[in-house]
Amino acid sequence: MIITKSKDGLGMVEIDIQQEEPSDAEKRFNSQVNYIIIEKLWKYMHPHEDIQNLYELLDINKNAYSRIRTANEFQQVDLEKRWNRKNSPISSMGLSREIMTGQVMMEIDGIKWEEWDKYIRYRYEEKEEEDKKGKEDKKKRIRYMQNFNRKLHEVFRELTINKSDKRDIAKLFYFFTYGRAVNADIDDIEMLELKDSLNNVNVEKMKICDMELKKEVCRLLREKYKQLNIIVGYQEL
């Protein structure tokens, strides 16, 4: 980041302030949080689908995804290398390189870093010590994780399709809804939205809507069809 400031009123000087690079431990933690959010939102939106579909979507196998979530220090997944692959699935989701490689943590409204830290410790680290702890301690951890998940689901329930919503979680919601990044194919966005809208209108909805609205939509569809048909015919010559 470059900051320009006056020096004793005699002119301007530039000061280059470099952001501190996160440590390996911070990157592992950030990746844990980010990929847990990705997995949890996908499961929330696709409750009856096999989680394997998510792994295939991201081109990350089950074992590798588990190593990211548990912050395995000895078999770390090189997310930078995956990001830099040609047509990398993790770089096509609409989320930044910093998010997908663990440089920064995805922010969720109302959930603090400390809460994520506690959730991850309860879910992964302290789980290994479960046999050494009493039943009350185990119940405490389970209650915390359940409450944490409820809090996360409350955020998910509030999500809507809104291209002007710049939050990472909103971009992820858009991607899981349409299968493409919110900023992808920007020249095609109006046509893509039209296609999505037409796919979502069923016969029953057409039957019950206002008659004047039906006529107006018919007129517009005929007009746009003529225009599009001419363009497609010309471009296919």
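Here are some questions and answers on how the labels for this predicted model were reached.

The model is predicted, with local features needing pLDDT of at least 70 and side-chain atom pairs counting only at pLDDT 80 or more, while totals for chains, interfaces and linings use all residues. Residues are numbered from 1 along each chain as its sequence is written, and side-chain values use heavy atoms, with hydrogens and water left out.

Q: What makes up the secondary structure of the protein?
A: It comes to 11 helices and two strands, taken as DSSP runs numbered from the N terminus (helices are H or I with at least four residues, strands are E with at least two). Along the sequence you read β-β-α-α-α-α-α-α-α-α-α-α-α.

Q: How do you know whether the span of helix H6 agrees with its number of residues?
A: The expected span is 1.5 Å times one less than the number of residues. H6 (residues 113-125) has 13 residues and should therefore span 18 Å; its end C-alpha atoms are 17 Å apart, so the two agree.

Q: Which residues of H6 are buried, and what puts them on the same side?
A: Buried means under 20% relative accessible area, exposed over 50%, and partly exposed in between (1.4 Å probe, protein chains only). In H6 the buried ones are Glu115, Trp116, Tyr119, Ile120, Tyr122 and Tyr124. They cover an arc of only 170° around the axis, so they sit on the same side of H6; that arc is taken from the directions from the helix axis to the C-beta atoms.

Q: What makes a space a cavity, and how many turn up here?
A: On a 1 Å grid over the protein atoms alone, a cavity is a set of points where a 1.4 Å probe fits but cannot get out; a pocket is an open set with protein on both sides within 12 Å along at least five of seven lines, and lining residues have an atom within 4 Å of a point. The whole structure has one cavity of 30 Å³ or more. The largest cavity has a volume of about 40 Å³, and its lining is Leu58, Asp59, Ile60, Arg82, Arg85, Ser88, Pro89 and Ile90.

Q: What is in the largest pocket, and which helix supplies the largest share of its lining?
A: About 620 Å³ of space lies there. Of the 19 lining residues, Leu194, Leu198, Val217, Cys218 and Leu221 are the closest to its centre. H11 supplies the largest share, 11 residues.

Q: What makes the phi of Ala71 worth a look, and is Ala71 buried or exposed?
A: Most residues other than glycine have a negative phi, and most peptide bonds are trans. Ala71 has a positive phi of about 55° although it is not a glycine. It lies in the loop between helix H3 (62-69) and helix H4 (79-84), and its relative accessible area of 17% is why it is called buried.

Methods: Grid points are joined across faces, edges and corners, and a volume is the space filled by probe spheres set on the points.
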